[in-house]
Amino acid sequence: MIHYSLICENDHKFDGWFRNAEAYEHQHERGIVTCPVCSSTKVDKALMAPSVSRTKSEKVSLSIGHPEQRELRAAMQALRDKVVSEADYVGDKFAEEARKIHFKEVDARGIYGEATREEVTGLIEDGVDFMPLPHIPKEHN
Ligand SMILES: [Zn+2]
């Protein structure tokens, strides 16, 4: 289990529990992560603070078998493939390069790479608009 502190467009802060980071992204992209106060679907992570669930009784909503889940997985796989084939790989320099792009110190371009949690937190604080690159496990059919 992963915990995110979430915040909506109206500054309501609330807690979200997800199976993993990918499950959050799935639900967020489909607009089904909603603010419990105002029902807004314009929701974002207040800070990246994943932590492991301390009790075994906490529950999350899950589903399986809907055709759209397969479509979403295919779409995310396609997105990942597209990013990996078209964007520049910058390795450990992701945070540095993302910041340069965000602050328009260099021309905008697609990049991907790795960052530490500390660097990710820094990027969020600086308002840099980036997203996790989905890791899609191969489907077993
Ligand atoms: Zn709200």
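Is Tyr 112 buried or exposed? At 16% relative accessibility, Tyr 112 counts as buried, where buried means under 20% relative accessible area, exposed over 50%, and partly exposed in between, with a 1.4 Å probe and protein chains only.

Some notes on the model. This is a predicted model, in which local features need pLDDT of at least 70 and side-chain atom pairs count only at pLDDT 80 or more, while totals for chains, interfaces and linings use all residues. Residues are numbered from 1 along each chain as its sequence is written, and side-chain values use heavy atoms, with hydrogens and water left out.

I turn to the zinc site. The zinc ion has as protein donors Cys 8 (SG), His 12 (ND1), Cys 35 (SG) and Cys 38 (SG), at 2.0 to 2.3 Å. Donors are N, O and S atoms within 2.8 Å of the metal, or 3.2 Å for Na, K and Ca; water is not among the atoms, so sites may look incomplete. Along the chain the spacing of the donors is C-x3-H-x22-C-x2-C. The angles among the 4 donor atoms are 102 to 112 degrees, and the site is tetrahedral; for four donors that term requires all angles to lie between 85 and 135 degrees. Cys 35 is buried at 2% relative accessible area, whereas Cys 38 is partly exposed at 31%.

Next, the strands. Strands here are DSSP runs of at least two residues and helices (H or I) of at least four, numbered from the N terminus. E1 runs antiparallel to strand E2, residues 13-18, with 6 bridges joining them; two strands pair if DSSP finds at least two bridges between them. The two form a hairpin with 4 residues between them, and Asp 11 in the turn has a positive phi of about 65 degrees. Tyr 4 stands opposite Gly 16 in E2. Ring pairs also link Tyr 4 with Phe 18 and Tyr 24 into a cluster.

That brings me to the rings. There are 5 aromatic pairs in the structure. Rings of Phe, Tyr and Trp (its six-membered ring) pair if their centres lie within 6.5 Å; planes under 30 degrees apart count as stacked, over 60 as edge-to-face and the rest as tilted. Tyr 89 and Tyr 112 have ring centres 5.2 Å apart and planes at 55 degrees, so this pair is tilted. Tyr 89 lies in strand E4 (residues 88-91) and Tyr 112 in strand E5 (residues 111-113), so the pair ties together parts 23 residues apart in sequence. Tyr 89 is partly exposed, at 49% relative accessible area.

Terms used: Four donors count as tetrahedral if all angles lie between 85 and 135 degrees; four count as square planar and six as octahedral if opposite donors are over 155 degrees apart and all others between 65 and 115; anything else is irregular.
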